[in-house]
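Hi everyone, thanks for coming. Let's have the model up on the screen and walk through it together.

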Amino acid sequence: MTVNKPAARADIAIVGAGPTGLTLANLLGGMGVSTILIERNMATVEEPRAVSIDDESMRTMQAIGLADAVEGIVARGYGSRYLSPRQKLFLTVEPTSRDYGFDKRNAFQQPELEALLRAGVNRYPHVTQMFGWEMQSFSQDSDGVWLEIRDTDGAIRRVAARYMVACDGGRSPTRAKLSIELAGSTFAERWLIVDLVRTENRFRHTEVYCDPARPCISLPGPHNIRRYEFMLHAGEDEKTATEEAFVRNLLAQVGPDRDCVFRRVRVYTFHARVATRWRENNVFLAGDAAHLSPPFAGQGMNSGLRDAHNLGWKLAEAVRGAVPDTVLDSYEIERKPHAWEMIKLALRMGRVMMPDNAIKAFVTRAAFRLLGAYPPARDYFAQMRYKPKPRFAAGLMWSDGRSENSTMVGRLVPQPVVEDTHLRRRLLDQVLPDQPVVLVFDEFPDRLVSANSVRLLQEAGAEVIGLTPEWINPVDGSFSVYRDVSRLFSVPQMKSYLGHALLLRRDRYIAAAVPVSLVDSLHEKAAALGAGPSSAPSAVPLAAAL
């Protein structure tokens, strides 16, 4: 067995081609960054794992040009029904708002999603895919990272990269080699996961059986598939729990699927843990390597996709040398608190699903029924407003002096349908370039920002775009202006920014906000976000990649 000379050099090496790694590879590919994607398996997964993709992640799919393709394989816009031990409804969650341009909950099959993401990577000849290669070791210095990888035949090669991102799962070898610990807890509860080839249950929403005797979740999927999750008791071992007769008896208690064909039957112990640090010099952790979440909020994979979107553009700017190293430090500063918020949400939802006893179960149901009589409280749950929206308290942003609850700085900007001066309608991100954007939100943005100010901001790497509220028709000036058709900028928190210029990062988070009269002050802040997209090599069309 011999070690060859460096097989390849790239700006970024990604270890692990799950949803997080594949999404990051698509982002970097689209940004013109040379990337090597290393995956120990010969292909993407063939068994179902994650089953839900949210609106924030769909916006990431939009950023990599795959939103339409992903929407073609998902069951869009499903909700949840919470049921008592007697299977009586006591809480309905069916969100209809589209704050970020997409349905808040969408069901999918992970094998289909990963295959689609891999086809997306095929569009970029500057992204090298090394499936069937496993990382054996790595070392790093101030210049970058050296990886030693081995294929299934035992051949060993070396890879050199400026940065490495470990998307290598909950048991991350990279995290172990760096001696990075996980903080948090491991559940004592084990859950039996049953995936069906086809269901007889035609109810399109999730059913949550909040029964202290045996909590259960029934999750819908596209093409009439379904997943059941049953909590196991302390005395039930894995061998017994996965026996066919045992599983079919459980299915018979919660619906019509007793005799359906199994696709997968597995026992899992869930975790609520976060890595104590997400960066070691030139090596980053992302996805399950950085955080592990119980499944009750459906946020495990989605948190990984948020990692990819946050880190991807920062790496792209870093390899160009356009930003200081503190930009890369902001990845953990921004993402770690929100990842933990999603884990805490899952824990709270788990307490609703898994009451300790009948008394707690009764009190919980009574409380939700009481709240359901009060419309604002009912809408709070029905529209999933209990889910913390992404918000950064610190990181790559500049405070506008408003309170934590009122400021939009550090938050993902809403994505309305917008209309241009030719009456064409598109989602906001479709009209924004992949670079920092100064979004001028005013009734008459064309009158308030001079051509000289536009030139100044463009020199700093930012494009200027105007947005009018729903009640004002747009007029182009020295930059394009659009109208907010969906009225997402008319809700009180956003409407308070009428007459302001918002500085948007490449991941569409609001980095700064100033009155329009101070728009020139965004020049230095825009420059700190990088100079925008480089000249990316031509991409193969998705249809050809598929």
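Before the sheet, a word on terms: I say two strands pair if DSSP finds at least two bridges between them. Helices (H or I, at least four residues) and strands (E, at least two) are DSSP runs, numbered from the N terminus. This is a predicted model, so local features need pLDDT of at least 70 and side-chain atom pairs count only at pLDDT 80 or more, while totals for chains, interfaces and linings use all residues. Residues are numbered from 1 along each chain as its sequence is written, and side-chain values use heavy atoms, with hydrogens and water left out.

So, look at Ile53: it stands opposite Asn106 in β7. β3 and β7 (residues 105–107) are antiparallel partners over 3 bridges. They belong to an open sheet of 3 strands, ordered β3-β7-β4, with antiparallel pairing. β3 (52–54) and β4 (75–76) each have a single partner strand, so one side of each is left without a neighbour in the sheet.

Now to the rings. Which residues form one aromatic cluster? They are Tyr163, Trp278, Phe284 and Tyr331. Rings of Phe, Tyr and Trp (its six-membered ring) pair if their centres lie within 6.5 Å; planes under 30 degrees apart count as stacked, over 60 as edge-to-face and the rest as tilted. The structure holds 8 aromatic pairs. For Tyr228 and Phe230, the ring centres are 6.1 Å apart and the planes at 10°, so this pair is stacked. Tyr228 and Phe230 are both buried (under 20% relative accessible area, with exposed over 50% and partly exposed in between; 1.4 Å probe, protein chains only).
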